[in-house]
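Subject: Structure handover and notes

Hello,

Here is the structure you asked to look at. Please open it alongside the notes below.

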Amino acid sequence: LVLVLGAPTLCYPPGTLVCLENDSTGAEAVIATIDEAGAYCARGADAPQNDKGERFEPTPGNHVMLKRCVYSVGQKVIMAE
């Protein structure tokens, strides 16, 4: 039994590697930071680490996660409604 309420919410910590499918090249990107408003900022995987990247709104259809996210036992995850 699977119960899904509303749209899926994606929770990626900074450092998560993704492939941007809306990019014609399928470029790899890294979730660089989460800004003050809670939005993700992604930079190219080969960009310097101090590059803050550009705002990125992940949806199920615009990217693929390339490396599995791992959360520590007891780590808190913030979810927006």
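Predicted model: local features only at pLDDT ≥ 70, side-chain atom pairs only at ≥ 80, totals over all residues.

Overall fold

The protein has 5 strands and 0 helices. The exposed surface comes to about 6,300 Å², and 54% of it is supplied by carbon and sulfur atoms. Taking contacts between residues at least 6 apart in sequence, 40% join residues at least 24 apart.

The aromatic pair

The structure holds 1 aromatic pair. Y12 and Y40 form this pair, with 6.2 Å from centre to centre and 50° between the planes, which makes the pair tilted. Y12 sits in the segment before strand 1 (17-20), while Y40 belongs to strand 3 (residues 40-44), so the pair ties together parts that are 28 residues apart in sequence. Y12 and Y40 are both buried.

N62 and H63

N62 lies in the loop between strand 4 (54-56) and strand 5 (63-65), and H63 lies in strand 5. Is N62 buried or exposed? N62 has a relative accessibility of 12%, so N62 counts as buried. H63 has a relative accessible area of 7% and is therefore buried; the cut-off for buried is under 20%.

The side chains of N62 and H63 are joined by a polar contact of 2.9 Å. Each of these side chains also has a backbone oxygen within reach. For N62, a polar atom of the side chain lies 2.9 Å from the backbone oxygen of E57. For H63, the side chain reaches the backbone oxygen of T59 at 3.0 Å.

What does H63 touch, leaving out residues up to four places away in sequence? The list is L10, Y12, V18, C19, L20, E21, F56 and P58. Y12, one of the residues that H63 touches, is also a member of the aromatic pair with Y40.

G53 and R43

G53 is placed in the loop between strand 3 and strand 4. At 29% relative accessibility, G53 is counted as partly exposed. In sequence, G53 and R43 are 10 residues apart, yet their C-alpha atoms are 4.1 Å apart in space. Not counting residues up to four places away in sequence, G53 touches A42 and R43.

The second largest pocket

The second largest pocket holds about 160 Å³ of space. It is lined by 11 residues, and those closest to the pocket centre are L20, A29, A42, R43 and G44. Which elements give two or more residues to the lining of this pocket? They are strand 2 (28-34), strand 3 and strand 4. A42 and R43, which are among the residues closest to the pocket centre, are also the ones that G53 touches when residues up to four places away in sequence are left out. L20, another of the residues closest to the centre, is in the list of residues that H63 touches.

Points to look at on screen

- The tilted pair of Y12 and Y40.
- The polar contact between the side chains of H63 and N62, at 2.9 Å.
- The C-alpha atoms of G53 and R43, at 4.1 Å.
- The second largest pocket, with L20, A29, A42, R43 and G44 closest to its centre.

Regards

Note on methods. Residues numbered from 1 in each chain as written. Heavy atoms only, no water. Phe/Tyr/Trp six-rings, centres within 6.5 Å; stacked < 30°, edge-to-face > 60°. Helix = DSSP H or I, 4+ residues; strand = E, 2+ residues; numbered from the N terminus. Buried < 20%, exposed > 50% of the residue type's maximum accessible area, 1.4 Å probe, protein only. Polar contact = N/O pair within 3.5 Å; in protein donor to acceptor, adjacent residues only side chain to side chain. Contact = heavy atoms within 4.5 Å. Areas by Shrake-Rupley, 256 points an atom, 1.4 Å probe, with all protein chains shown as cover. 1 Å grid on protein atoms, 1.4 Å probe; cavity = no way out; pocket = protein on both sides within 12 Å on 5 of 7 lines; lining within 4 Å. Points joined across faces, edges and corners; volume = space filled by probe spheres on them.
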